[in-house]
Amino acid sequence: MSHLEPEAKIFACSQSVYLAEKIAEKYGIPLGKVSMSHYSDGEFQPSYEESIRGLRVFIVCSTFPNADNLMELLLMIDAAKRASARHITAVMPYFGWARQDRKDKPRVPIGAKLTAKLLEAAGATRIMTMDLHADQIQGFFEKPVDHLFASTIFLPYVESLKLDNLTIASPDMGGSKRAYAYSKFLESDVVICYKQRKEANIIDTMELIGEVKGKNVILVDDMIDTGGTLAKAADLMMERGALSVRAICTHAILSGGAYEKIENSKLSELIVTDSIPLKKESKKIRVVSCAPLFAEVMQMVQHNNSISGKFIM
């Protein structure tokens, strides 16, 4: 190995070990050792149990709530900086707080910008993430951001289904760009759901823009939280004559009564990645691992190779 190319090591925050182990296996190196000390009041302190001086360190951590995940990532970045790591890459398959990407009413924070500044202040020299809730979040960083697309792993699965009369759907107006990108690759039609909310996570009305009669529909979104939008959209499309409705959602937040809504909906299948661990199993939920994608891109970054070939769309 060239002296200009530091060795890489992969570490994980507590709640992301399940994914980091798979990434490390695909990368071809063992997962690094980290210990965690806990105080009686809930404070915690991570510690690297091996030398990382002069190395490239990848820290795998999806920052889904609660805030302990984000705080642990910040502490591990700071510890790596103080242990003289040469490069510190925060690998965040799910970038939490991303829904707070703008001020949508007075006197509220921009949580995504705050998170970006915290990561940089802690010492991260690079960010690697997947399917941000809003593309512009990349602009909140002054450091390089590798924004990966889960379409790289979802599209081969969709093609394997060999569905006739395929139509791609967006569950809201904001996801129309993503839906059009999928439809262009798959050479299919597009429909869009127009919804209005009373408040966060509560839908007031939903209308369908486009024709789904006699179609096999695949809804595409970056995340699924309570499941209300997808369940309502699937039911509406089946009422309008769709043959089947599936959903592709990168990040399976699945909070509240989401599992029950999915089980009781007209959705025939929900396909997600393992960026967030499932709380329980469901016969309707299929998990496609993002570990191979991250492992490949991490190797490309380590060897200073272009990653543009990993972007299907």
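User: Before I look at how helices pack here, what are the axes of helices fitted to, and between which directions do the angles run?

Analyst: Axes are lines fitted to C-alpha atoms, for helices over the stretch in contact, and the angles run from 0 to 180 degrees between N-to-C directions. Please keep in mind that this is a predicted model. As a case in this structure, take helix α1, residues 17-27, and helix α8, residues 291-302, whose axes come within 8 Å and cross at roughly 55°. Angles under 35 degrees count as roughly parallel and 65 to 115 as roughly perpendicular, so α1 is oblique to α8.

User: Is the crossing of α1 and α8 left-handed or right-handed, and which residues make the contact?

Analyst: The crossing of these two helices, α1 and α8, is right-handed. On the α1 side the contact is made by L19, K22, I23, K26 and Y27, while α8 contributes A291, P292, F294, A295, M298, Q299 and Q302. Sorted by class, the residues of the contact of α1 with α8 comprise eight nonpolar, two polar and two charged.

User: How should I read the angle between helix α2 and helix α3?

Analyst: Helix α2, residues 68-82, packs with helix α3, residues 111-122, at an angle of about 25°, and their axes are 8 Å apart. Since angles under 35 degrees count as roughly parallel, α2 is roughly parallel to α3. From α2 the contact draws on L70, L73, L74, I77, D78 and K81, and from α3 on T115, L118, L119, A121 and A122. The residues of this contact of α2 with α3 divide into eight nonpolar, one polar and two charged.

User: What is the volume of the second largest pocket, and which residues line it?

Analyst: The second largest pocket has a volume of about 170 Å³. Its lining is formed by F64, P65, Y94, R99, A252, I253, I276, P277, L278 and K279, and by class the lining of this pocket has eight nonpolar, no polar and two charged residues.

Methods: Residues are numbered from 1 along each chain as its sequence is written. This is a predicted model: local features need pLDDT of at least 70, side-chain atom pairs count only at pLDDT 80 or more; totals for chains, interfaces and linings use all residues. Side-chain values use heavy atoms; hydrogens and water are left out. Helices (H or I, at least four residues) and strands (E, at least two) are DSSP runs, numbered from the N terminus. Angles under 35 degrees count as roughly parallel, over 145 as roughly antiparallel, 65 to 115 as roughly perpendicular and the rest as oblique. A crossing is left-handed if the near helix is turned anticlockwise from the far one by less than a right angle, and right-handed if clockwise. Contact means heavy atoms within 4.5 Å. Ala, Val, Leu, Ile, Met, Phe, Trp, Tyr, Cys and Pro count as nonpolar, Asp, Glu, Lys and Arg as charged, and the others, Gly among them, as polar. On a 1 Å grid over the protein atoms alone, a cavity is a set of points where a 1.4 Å probe fits but cannot get out, and a pocket is an open set with protein on both sides within 12 Å along at least five of seven lines; lining residues have an atom within 4 Å of a point. Grid points are joined across faces, edges and corners, and a volume is the space filled by probe spheres set on the points.
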